[in-house]
Amino acid sequence: MAKQNSIDFSKFKSEQELAQERIVALKDQINQARTDYYEKDAPTLSDAAYDSLERELRELEEKFPQFKTADSPTQTVGGSATTAFSPATHQVKMYSLDNAMDTAELKAWLTRTHDAIESAFDAKTANATKYCCELKIDGASIALTYEQGILTRAATRGDGQTGEDITQNALQIADIPKKLNLDNPPQIIEVRGEVYMPKQSFEQLNKQIDQQNAEIQEENDRIDAQNLNKRKLAPKKKFANCRNAASGSLRQKEPSITKQRNLATFIYAAAKYTDIPQESNITTQHSFVGWLKDAGFSTNPNIRTLSNANEVIDFCNMALEMRNSLPYDIDGAVIKVDNLEIQNALGFTSKAPRWAIAFKFPPEEKSTILREIALQVGRTGVITPVAVFEPTSIDGSIVSKATLHNFEEIMRKDVRIGDTVIIHKAGDVIPEVVGVIQDLRPADVKEYNAPRNCPCCGSLLHEDGAYLRCDNFDCPDQLQNRLEHFVSRGAMDIDGAGKKIIQKLVEEKLITKLSDFYHLRKEILPDSIGKDKTKENLIASIEGSKSQPFDCVLFALGIRQVGKTTATLIAKHFKNIDALINANFDELCEIEGVGDVGALSIKAFFELPRNLELIESLRQAGLNFEIDESQAKPQTLAGLTFVLTGSLQNFDRNAAQDALKEYGAKCSGSVSKKTSYVIAGENAGSKLTKAQELGVPVLSEEDLERILRTGQI
């Protein structure tokens, strides 16, 4: 037990230690975002959110250079080559671009570039330097190699050094010339640009997917209706935006599918400008784009050569204004030093050219009319206000709801039903209401008043900080959410007990509390939840959930402030539920991640008689409320760190990591010199490449199966 009024100074970390932890976390998150974006074509972060993380990492590395490593995302190009296509090595590295997030940063870059030119040449040259400004196409990078004017290879960017050979797919794109329209073509040249999907083609593609999904649903309904012993078809996933559609279409294993997707290109660069015959007189970026057009490539017509910062900024503002009127997506503007000789003198960093920068647009915002403020009741009784409006396209997806966070936020922003509100995606992931356009407020709009009663059960609400809370434990919405949490993955993991099934069981009054799951029998289940096989599977899954370990059961109880990680730490510390129930405040505070608020919440949970009765009924049902020391696996993998990458055929990745941890291993999301082993499934990407570069041993899924069976490498 901790001593009263004492402070354990060992818990406090230095600024350097905190910075190192944050750098590691940022690297992991950025690398995962790169994998999602480049390899899976399923981004989890928008450009703005990604750029914010990368910028924070860069600033920390500048302040603490001892933690800056060669494999940092600030030093490497995003993406990697997968195993789905043959590798293709670029003539010259394909770099990414540094970003300017606003006009102040753009001006700062222009000033630095001017100074660098003056240092390399002279003041006259610097003052006369022009900048070539182009639209930043939101597509997938491509490199096209021509020999004697004939297209011989097409490749993705990959990690900048090695991409994927997608030649057969590139041949299906109508505006990629198979032969250059030149009398004297270069002996060999690699040109670069973007493959994009026009907005109209994107809409048509998703409509086709909707139609296919309707047919799939019809077939699945037929299987259910006729009780056929046949596997149901999984619905096809729609593309989130034009960029993902282009990238996914470009990397199809079947070229005929690529051909159907109506892709297009804009080409704007070359690996080596010296490959172009001298008589072509190419001295600037602008003249090179003209040469590309003459050679038969598609080039973007929105290109300008400008002389000063004000003109460059005007171009960026013009690009933002025309963004929604273009037939393709753009996400910014690219500014390049126009003179190729000066470009060559300025050179490159490890990641990007010093002579170019991308001006990134701010996150897209849309205005819409707020029709309703819906109220959602969470499993702990917290009331969350949600803005409801007409379906609106924002950042490539359709949204009709956005969070208002809490009622203090509504008052602060003075949001009212009937207002014209501005919405965007917070972190470009979760839609939220930014603010109100006061000038468009109708005269009869009334100030919004927070509810006094629960929208579900009518109980009087009480304030809990910035939130309102319903304390009625029997509130139907709370019950529904508690039940959904209880059966969820990481908790009791009851397969087949989805939201609709739980609703039906509650409606039939077969479930009124968590322990009622363990009194269900096939004979009393209503036919509305499905056929006999569905009922049998549900009962079997409920029975199987009794083997879930103590930490999962503890998490399933839904104690406020106790997430999955905290539940695991608590279970390991106290070993059984009775020791936890009898623990005092100080003992709870000793556990990492609990803190004062968590300790108070845990104590309050176990002081309620109904919760003690629930635990006893679950214990009687056969659930694990203690760690079985006799079943604990030997810690044969203690001191080893594993990284799992790629698709595993016979394992869920989280489950595999949990199984490794039972033997004492650590699991990480990124590969470093400290990694002991990398376990690579199918389509392993950048993590596998990095492991090979660092000499980290790589194991297969078969090796993983043997490790989990024996506890030995």
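Mentor: Strands here are DSSP runs of E, at least two residues long, numbered from the N terminus, and two of them pair if DSSP finds at least two bridges between them. Before we go on, this is a predicted model, where local features need pLDDT of at least 70 and side-chain atom pairs count only at pLDDT 80 or more, while totals for chains, interfaces and linings use all residues. Residues are numbered from 1 along each chain as its sequence is written, and side-chain values use heavy atoms, with hydrogens and water left out.

Back to our pair. Find Ile142 and look across to E5: its bridge partner there is Thr156. E4 and E5 make a hairpin, with two residues between them. In that turn, check out Gln148, which has a positive phi of about 55°.

E4 has another partner too, strand E7 (residues 188-196). Those two run antiparallel and are joined by eight bridges. If you pick Ala140, you'll find that Val195 is its bridge partner in E7.

Now, how enclosed is E4 (residues 140-147)? Seven of its eight residues are buried, so the strand is largely enclosed by the rest of the structure. Buried means under 20% relative accessible area, against over 50% for exposed and in between for partly exposed, using a 1.4 Å probe and protein chains only.

Notes:
Helices (H or I, at least four residues) and strands (E, at least two) are DSSP runs, numbered from the N terminus.
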